[in-house]
Amino acid sequence: MQKKSISSFAFVFSQFNCEMVMADSIINRFFAAKEKMPKQTSDFIKWLKKAAPSNIDDLIHELHDEVFDEVDCLDCANCCKTVGPAIKDIDIDRLSKHLKLKPSKLVELYMEIDEEQDYIFRTHPCPFLCDDNYCSVYESRPKACREYPHTDRRRVMQLINLHKRNIECCPAVFEVFERLRLKLKK
Ligand code: SF4
Ligand code: SF4
């Protein structure tokens, strides 16, 4: 999850008709859509797996920047509400220092182990998500939270199955791949 304290986008547009802007926002469009993975999107991902252009990383990174100029994660927090990060030992150490808890106590209070033997938060929404969508441990959040939704990472095609899953959860990832589909006219 990427935090912006006050998005300049929201601020600039606050002078206009709020309802009109919200109805048209990337986040609202995503949640209004019945299907989070329309057939044309899954077909496009299939096509990408076979025929992604050689500059795919550059294309995705450009779209990542473009989309996150328009999306304020504080209006969404769907990742923190619905998918938990994989939590590594180094994350537990950082979080336990932040919360002034022993690592074993932190694990006992908030975590369990998933089938891949990673720690995950036991509850959703995340226990550290506040009502206003801020993360109460933001400076000490797990690495997986810092990297989410991964559309600015290199070697996009090695992560394509992860992106495919995230399309169904993250409005920004959906928008990145939708804009890519339109750009490549698929
Ligand atoms: S789901 Fe995506 S858009 Fe929503 S808060 Fe998470 S990273 Fe931001
Ligand atoms: S630790 Fe923070 S960023 Fe990570 S899932 Fe929880 S609320 Fe979201």
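**View 1. His150 sits in the loop between α9 and α10.** Helices here are DSSP runs of H or I with at least four residues and strands are runs of E with at least two, both numbered from the N terminus. The model is predicted; local features need pLDDT of at least 70, side-chain atom pairs count only at pLDDT 80 or more, and totals for chains, interfaces and linings use all residues. Residues are numbered from 1 along each chain as its sequence is written, while chains are lettered from A and ligands numbered from 1 in the order in which they are written. Phi of His150 is positive, about 75°, although His150 is not a glycine. His150 counts as partly exposed because it has 16 C-beta neighbours inside 10 Å. The cut-offs are 20 or more other C-beta atoms within 10 Å of a residue's own for buried, 12 or fewer for exposed, and anything in between for partly exposed, with C-beta atoms placed from the backbone.

**View 2. A cis peptide bond joins Tyr148 to Pro149.** Omega of this bond is near 5°. Pro149 belongs to the loop between α9 and α10, the latter spanning 160-167.

**View 3. A cis peptide bond leads from His124 to Pro125.** Here omega is near -5°. Pro125 is part of the loop that runs between β2 (119-121) and α9 (143-147).

**View 4. Asn133 has a positive phi in the loop between β2 and α9.** The value is near 75°, and Asn133 is a residue other than glycine. With 18 C-beta neighbours inside 10 Å, Asn133 is classed as partly exposed.

**View 5. The protein has 11 helices and two strands.** Along the sequence the elements follow the pattern α-α-α-α-α-α-α-α-β-β-α-α-α. Of the 186 residues in the protein, 25% are buried. Among contacts with a separation of 6 or more, 73% involve residues 24 or more positions apart; two residues are in contact if their C-beta atoms, placed from the backbone, lie within 7 Å.
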